[in-house]
Amino acid sequence: MQLRQLVSLYKGFSDPTRLRILNLLTQRTELKVGEIARILQIPQSTVSRQLAQLRASSLIQDERDGTWVKYSIVQSSIIDEGHLLTTVRLAAEMCPELMADLSRMHELVPEDVDKPAIA
C-alpha cells in the first residue's frame, strides 16, 4: 500500500458523519442511503456525499439491488487485520452520540437475520 492510499483510508475516519456511518455499518451487513439518513437524522444528500468519500477511501462498497443501492464495509486485510473497525466499535462504547445512533438503528431498521454483522 502506498502512503497516498493510506492517507486516503484514514481520511475516511476524519469526519464526524463518516465516523457515524462507519459505526452503523460495523453493526449491520448493509444499509441503504435512506436508512442511514433516517437513523442519523440528516439529509440524504449529506449522507450521499459522505458515502462517496468513504468509497473513495476504499472503506465501503456499494451494490445495486434493483432500484436500491446497499452499502457495506469492504472486506480487506488492511481493514480487518489493522483493527480499524474494532477502533470504531470501541469508540462507540465511549461516545453517547454513536450509541444513540445504534439505538435509533435498532428501532428504525429491522435487522436482517439471514446476514451476520461484520465480526
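Mentor: Some ground rules. The model is predicted, so local features need pLDDT of at least 70 and side-chain atom pairs count only at pLDDT 80 or more, while totals for chains, interfaces and linings use all residues. Residues are numbered from 1 along each chain as its sequence is written, and side-chain values use heavy atoms, with hydrogens and water left out.

Trainee: How many helices and strands does the protein chain have?

Mentor: The protein chain has 7 helices and 3 strands. Helices (H or I, at least four residues) and strands (E, at least two) are DSSP runs, numbered from the N terminus. From that end the order is α-α-β-α-α-β-β-α-α-α.

Trainee: What makes threonine 26 buried?

Mentor: Buried means under 20% relative accessible area, exposed means over 50%, and partly exposed lies in between (1.4 Å probe, protein chains only). Threonine 26 has 1%, so threonine 26 is buried. Its place is in helix α2. Across the chain of 119 residues, 40% count as buried.

Trainee: Why is glutamine 27 called partly exposed?

Mentor: Glutamine 27 also has a value to set against those limits: its relative accessible area is 25%, so it is partly exposed. Glutamine 27 lies in helix α2.

Trainee: What makes a set of residues a nonpolar core?

Mentor: The set holds buried Ala, Val, Leu, Ile, Met, Phe, Trp, Tyr and Cys residues, joined through side-chain atoms within 4.5 Å. The largest one here has 30 residues. Ile21, Leu24, Ile36, Leu51, Leu59, Ile60 and Ile79 have the most contacts inside this core. Among the elements that each supply at least two residues are α2 (16-27), β3 (68-73) and α7 (96-108). The largest share, 5 residues, comes from α3. In soluble globular proteins, nonpolar side chains tend to be buried together.

Trainee: Which residues does isoleucine 79 touch?

Mentor: Neighbours within four places in sequence are left aside, and isoleucine 79 is in contact with Leu9, Ser58, Leu59, Ile73, Val74, Leu84 and Leu85.

Trainee: Why is the pair of tyrosine 10 and phenylalanine 13 called tilted?

Mentor: Rings of Phe, Tyr and Trp (its six-membered ring) pair if their centres lie within 6.5 Å; planes under 30 degrees apart count as stacked, over 60 as edge-to-face and the rest as tilted. The count comes to 1 aromatic pair. These centres are 6.5 Å apart and the planes are at 40 degrees, so the pair is tilted. Tyrosine 10 is partly exposed at 46%, whereas phenylalanine 13 is buried at 17%.

Trainee: How do you know that lysine 32 lies over the face of tryptophan 68?

Mentor: A charge sits over a ring if NZ of Lys or CZ of Arg is within 6 Å of the ring centre and within 35 degrees of the ring normal. Lysine 32 is at 4.8 Å from the ring centre and lies over the face of tryptophan 68.

Trainee: What is the phi of glutamine 41?

Mentor: Phi is near 60 degrees there, a positive value in a residue other than glycine. Most residues other than glycine have a negative phi. Glutamine 41 lies in the loop between α3 and α4. At 60% relative accessible area, glutamine 41 is exposed. Serine 58 has a positive phi too, near 65 degrees. Its place is in the loop between α4 and β2 (60-65).

How values were computed:
Contact = heavy atoms within 4.5 Å.
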